[in-house]
Amino acid sequence: MEISEIINKMIDFSKGNVHDINHFIKVYTFAKLIGECEHLDKNTQNILEIAAILHDIACPLCREKYGNTNGKHQEIEGAPLAKDFLKESGLSCKVIERISYLVGHHHTYTNIDGLDYQILLEADYIVNADESKYSKENIENTMKMIFKTKTGTRLLKSIYLS
């Protein structure tokens, strides 16, 4: 399944929730940009891009089940939803497992075990900083504590700290 097909399928899955659609498109765009600028290999880039598209797949279910989109609920509910979403994608089980792992950890800032994971966190934070109107102090602290890539750090500074 091509990236464009996954995006279209995720738009359909979002059932007209414009915020959710815009959010994952923005996270996907930043993840793609950061990954390309950091020279990820083709397989890791593909995993990153698909995980960015699917990272908030659990939000509709969480709103219904819990009444909110708490990050930990998203992680718990998101991994199995991502696996199900990708089951007929033609992707290998290993790739689907990695994407599901990333979806299931995209609010966990410890034990980051790869550039795909790191970049997903950075891209999601860049978008959330605007959508949630994070303070300059929050952004500066997160940049120091979480951001590791040159590209993600440069983007964060350029967008929010210049």
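How many disulfides does the count come to? The count comes to 0, where a disulfide is a pair of cysteine sulfur atoms within 2.5 Å. C59 is in no disulfide; the nearest cysteine sulfur, that of C62, lies 6.3 Å away. C59 is buried at 4% relative accessible area (buried is under 20%, exposed over 50%, partly exposed in between, with a 1.4 Å probe and protein chains only).

The model is predicted: local features need pLDDT of at least 70, side-chain atom pairs count only at pLDDT 80 or more, and totals for chains, interfaces and linings use all residues. Residues are numbered from 1 along each chain as its sequence is written, and side-chain values use heavy atoms, without hydrogens and water.

Salt bridges were counted next. A salt bridge is a side-chain nitrogen of Lys or Arg within 4 Å of a carboxyl oxygen of Asp or Glu. The count comes to 11. One of them joins the side chains of K26 and E131, at 2.9 Å from N to O. K26 lies in helix α2 and E131 in helix α7 (residues 115-131), so the pair ties together parts 105 residues apart in sequence. Helices are DSSP runs (H or I) of at least four residues, numbered from the N terminus. K26 is partly exposed at 33%; E131 is partly exposed at 26%.

A second pair is E49 and K32, at 3.8 Å from N to O. E49 sits in helix α3 (residues 42-54) and K32 in helix α2, 17 residues apart. E49 is buried at 6% relative accessibility, whereas K32 is partly exposed at 28%.

Methods: Helices (H or I, at least four residues) and strands (E, at least two) are DSSP runs, numbered from the N terminus.
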